Each structure stands twice: as C-alpha cells, then as structure tokens.
Amino acid sequence: MAAAAGAISLGFPVIADTEVPEIPASRFCLHEALVPEPKHDRIVERVIEVRPITIKLKEIPLPVPYSGAFEGERVRKENMRVQFGGKYSRAFELLVAAPADRIRDGKVELIGDDIDRVPDGGSLPLGILIEAAGRKMAKDFEPILERQVHSFINWAMGVMHMGQRDMIWVRIGREAFEKGFRLRHLGEIIAARLHNDFGAIVNKVQVTIFTDADEVASRIGEAEKIYRERDLRVAGMTDESVDEFYSCTLCQSFAPSHVCIISPERLGLCGAYNWLDGKAAHEISPAGANQPVPKTGLVDPALGQWRGINEFVFESSHRALSKLNLYSIMRDPMTSCGCFEAIVAIVPEANGVMVVSREYPGQTPLGMDFITMAGMVGGGVQTPGFMGIGRLYVTSPKFISAEGGIKRLVWVSGDLKRALKDRIEERARKVGEADLFDKIADEETAVDSAGLLEFLQKADHPALKMDPLL
Ligand code: SF4
C-alpha cells in the first residue's frame, strides 16, 4: 500500500493483484487511482481500461497488402473465391457500444464455417458484430463507427465491401484467399482500424463473425430493431430548425465527385447516416468526411438551394458540380454514389415517380430493373429524373417537394411499399390524400407503363391532375 501510495502521488494509477480497496479518481489521478485485479490474465486489459490507453497498431498483420490505394478496387465474379450478402445470402454489420468489462479487447471469434469450407465461387451468410468500449464511447457514435467498416475492409487488396447495415455485399478474391486471407482477418482489420482511427473514444474492441445461417437469421432481426431505433431519433426535426446541414464524402472512393448533403429531413442515401450522425461524426473527427455546411444565401426555398451549399458542393466535388437543389429530382438534383437503398425515377406517362428498392429483382414500369438503373444513376453525376435515395426519404415532407412530394408517388416495389406502409399512410393523410396508399401501384398491379396508367386512371391517382413533370 505504501508503494502504491507513492506511485499514486506521482500521478500513476495502480493496478494491484491483491485485494486492496478501490480508490476513485482524486486530485492526483484523472481516473481511478487504485484498482484491484487479482486475475493475472485480465490485468493488461484492466490497465487499458483504467488509464485509458490508446492502442495503435503500426501495421496490421495480414496476408495481403493493406492500403487506401485498394479502396475503389472491385473483385469481379471471375476472380472471386467467395461472397456474402447482396442477392446471394443474408448479411449484416452492426457496431454497438458495450460495457468495458463485458468484452475482451482484440478478441475475434468466428461462429460458423470459414471460407475454406465453401466451394470456389460460392456464398455464405455473414454477420459482423462489433462491440466497442471506451470511456468516451457513446450510443450516438455507433452508426458513425459502423459506417467506417466499409472503407476499413476495402483497404485490403482483393477484398470488396459494398453497402451498409443489413444490405452489405462482401467479396473475397481468389488471390487473397490463396495468400491466406480468412474471415478472422476481417475482425482483425476492424479492431485495428478502430483503435488507430478512433483511439480517442474506443479503447477495447471485440468482433464476432457469424456465418452460421441460423445465427445470422436470428441476429439480423435484432440488428434491424437497432437500425430502426436509430432512424427514429431525428423524427420531429425539420430542415428549418437547424442552421447547418452536414456533408458526407465517405463514398468518394467509389464515386469521386459524389457529395451527400444530409439534412434533418433528408438522410444520406445509404440510409445509414442521418443529420444527428453527421453532427456526431464531425465531433469525433473534425477534419473527416462529415463537415457542417452552412445554410447561407438562400437562393430558392422551394427547390432547396442555398449559395453556401452550392459553394461547398463545388469545392468538395472537386469542382464537378456547381449547383444542388436538395428538394428536386428534375433540376440539379443530388448526385448518387453506388450504395443508395432505393432509386426514385420519373415515369413521364404517369406524370409521377416510382421508387424501386435494391432488394427488388424484377422489372419496373420504366422497362428497367434496379441494376440497370443503378448503372445509370450512380458514379457521382447529376441525373435529372433519377436519384439514389435512403428509403426513409420517401415519407419525408421534403421528398421531391419541389415537384409536389408524395402525391407524385405512382409505383413502389412491393417490399418497400409494405415496409413503409404506416409511414406512407401517415404522410398521405397530412397532405390530404388519406387513400393514397391504395392508389400506388406495385409489381402485382403493373410492370409496364400501359398497365400502370390504366390502374392509375381507375384509382383516380392525384398525380394525373398535377402540373406536368416535363
Ligand atoms: S451514401 Fe452518402 S451518407 Fe452514406 S456513406 Fe456514402 S456519402 Fe456518406
């Protein structure tokens, strides 16, 4: 105790392997001054928690090169050893804050088969559960750290990651596999990068990787509940209630001129970042991909155009875009990268718009499926008449409000229509179209424009009486 007292008075916290009384933070020590930890195999972790120590790995021990140069690299089908998610299997990633004493720093566990048990070119379900702890770790930071997984994994040569939440698509190339890349390396990359890049808030990281189909199926439900809770946090906020929006340029590795402008009523088009996330991300990393964008110099309130935002977008799109209308699909709309949850597109014959989700594999009244449209819309260019969006934007009061908003909605792919039913009905009531939901077609009603038009005329859809879109 005398030795401990001497160390404490010099400002060193003391971890003792004997039964001593715990001494809390004092004028000598910022954190606990004296902490008992009788288990020797826990003592290092306890030290990390108490200090709290920031761990940085100079080099991540991987069998493949790891650098930002590989971030935009694609793993093509002919070079692929195994894939997860997309339309091939169920997959998700989730990062949650955890109590420090519940997780073991650096632990990476695989529950299910590794990739060497899968035939060449095959697929597996995938769940990546990341538990992070730290004195400054907060629930609000979960989505921000989770969204970094995209670039963390993409830095590995021969490994491709797309999407977010329960819409991820991961491919591991044959060459990476032959060099020894296995699933535990995904966890090791994530843990190392969280320590290196977010050491100020994260002190301990544990990663569990699931490939067992039953485990993935049950855990994906829990993950979706958490995603929904996150989405609800901005409910009630309006664009008018804030002085600044937030940018996101995380996807510039795939679409160099793409800039998401995230407002309280328009979430990022991946669906994983809302305005509060942009704000929290900026607090964590002031020079990072999420910057406050001042709403100065209002040019047109109906279109959602501000001079301050135009100037910001001009610079951060590397001078590719000079004008952005946040609330319009027809005039200088927002660009799209590649990870949008859904696409909204005009259907000129119906004087309205349709929304097709990433999960919907079939044809649409435009004569194109999601993949064909995604090829036209993505890449960071403005495509008037087409836009990648986050699903929840459909029921925002600012959803293409310059063109009349939700009343323009004439066709929505069935999966998305069912998922958004309550929200669409609520929004429709607010705009005086209480029965709008039943007037919106889906693939059961029509997948060609003639059939769609016939349905809309019978249903007396409001879009048919609105000002011409073109
Ligand atoms: S889609 Fe937009 S909000 Fe989402 S990560 Fe990419 S740039 Fe950020």
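Two strands count as paired here if DSSP finds at least two bridges between them. Helices (H or I, at least four residues) and strands (E, at least two) are DSSP runs, numbered from the N terminus. This is a predicted model, where local features need pLDDT of at least 70, side-chain atom pairs count only at pLDDT 80 or more, and totals for chains, interfaces and linings use all residues. Residue numbers start from 1 along each chain as its sequence is written.

**View 1. An open sheet of three strands, in the order 12-11-13.** The pairing in this sheet is antiparallel. Strand 12 (260-262) and strand 13 (292-294) sit at the edges with a single partner strand each, so one side of each has no neighbour in the sheet. On average, neighbouring strands are turned by 40 degrees against each other, direction ignored. Strand 11 (residues 244-248) pairs with strand 12 over three bridges, in the antiparallel sense. Look for serine 247, which stands opposite isoleucine 261 in strand 12.

View 2. Contact means that the C-beta atoms of two residues, placed from the backbone, lie within 7 Å. Helix 9 (residues 307-316) also lies across strand 11, strand 12 and strand 13, running at about 135 degrees to strand 13.

**View 3. The shell around the ligand.** Which residues surround the ligand? They are Arg147, Cys248, Leu250, Cys251, Cys260, Gly268, Leu269, Cys270, Ala272, Tyr273, Cys337 and Cys339. A residue makes this list if its C-beta atom, placed from the backbone, lies within 6 Å of the molecule. The shell splits into ten nonpolar residues, one polar and one charged. In that count, Ala, Val, Leu, Ile, Met, Phe, Trp, Tyr, Cys and Pro are nonpolar, Asp, Glu, Lys and Arg are charged, and the others, Gly among them, are polar.

**View 4. Strand 10 and two of its partners, strand 5 and strand 7.** Strand 10 (residues 204-210) is mostly covered, with six of its seven residues buried. Buried means 20 or more other C-beta atoms within 10 Å of a residue's own, exposed means 12 or fewer, and partly exposed is in between, with C-beta atoms placed from the backbone. Strand 5 (residues 108-111) runs parallel to strand 10 and is joined to it by four bridges. Glutamate 109 has threonine 208 as its bridge partner in strand 10. Strand 7 (residues 126-133) pairs with strand 10 in the antiparallel sense, over seven bridges. Here glycine 127 has phenylalanine 210 as its bridge partner.

View 5. Aspartate 332 has 18 C-beta neighbours inside 10 Å, so it counts as partly exposed. Aspartate 460 is exposed, because it has 10 other C-beta atoms within 10 Å.

**View 6. Lysine 465, in the segment after helix 14 (449-459).** Is lysine 465 buried or exposed? With 9 other C-beta atoms within 10 Å, lysine 465 is exposed. Lysine 465 and alanine 446 are 19 residues apart in sequence and 20 Å apart in space, C-alpha to C-alpha.

Note on methods. Axes are lines fitted to C-alpha atoms, for helices over the stretch in contact, and angles run from 0 to 180 degrees between N-to-C directions.
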